Amino acid sequence: MAKFYAGLLDWHIGHEELGTAVVAASPQGPFLVFQQADGYQAPVWPPADGDQRPMMHFDFQVGDLDSAVAEAVALGATVAEFQPQENVRVLFDPAGHPFCLCRDGE
């Protein structure tokens, strides 16, 4: 997960140890901390009653939606089947968390 988001954001992994990694924009932050979760169950998209709901959600503004989607897929993301908006793409990170790429200015 840390390697995926570091690549997606062009940030670096500032710290890594067994079960924990920190991704940082700079030494002063901001930071994303990833920790191993035993028994993890990927959320369902779109959310459905009785299924695991999303536990987090990131929206990233991009200039070129198609190239941003291609870059995310090359890093390990998958494109969700259900797409609720034309100017937004819902993808899943390698652990199954949905996130959105949103075209700038819309």
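1. A quick word on terms: a crossing is left-handed if the near helix is turned anticlockwise from the far one by less than a right angle, and right-handed if clockwise. By that convention, α1 passes α2 in a right-handed crossing; helices here are DSSP runs of H or I with at least four residues, strands are runs of E with at least two, and both are numbered from the N terminus.

2. Please keep in mind that this is a predicted model, where local features need pLDDT of at least 70, side-chain atom pairs count only at pLDDT 80 or more, and totals for chains, interfaces and linings use all residues. Residues are numbered from 1 along each chain as its sequence is written, and side-chain values use heavy atoms, without hydrogens and water.

3. Helix α1 (residues 2-9) and helix α2 (residues 65-75) have axes that come within 10 Å and cross at roughly 155°. Axes are lines fitted to C-alpha atoms, over the stretch in contact for helices, with angles from 0 to 180 degrees between N-to-C directions. The pair is therefore roughly antiparallel (angles over 145 degrees).

4. Where do the two helices touch? Phe4, Gly7 and Leu8 of α1 meet Glu71, Ala72 and Leu75 of α2 (heavy atoms within 4.5 Å). Four residues of this contact are nonpolar, one is polar and one is charged; Ala, Val, Leu, Ile, Met, Phe, Trp, Tyr, Cys and Pro count as nonpolar, Asp, Glu, Lys and Arg as charged, and the others, Gly among them, as polar.

Methods. Angles under 35 degrees count as roughly parallel, over 145 as roughly antiparallel, 65 to 115 as roughly perpendicular and the rest as oblique.
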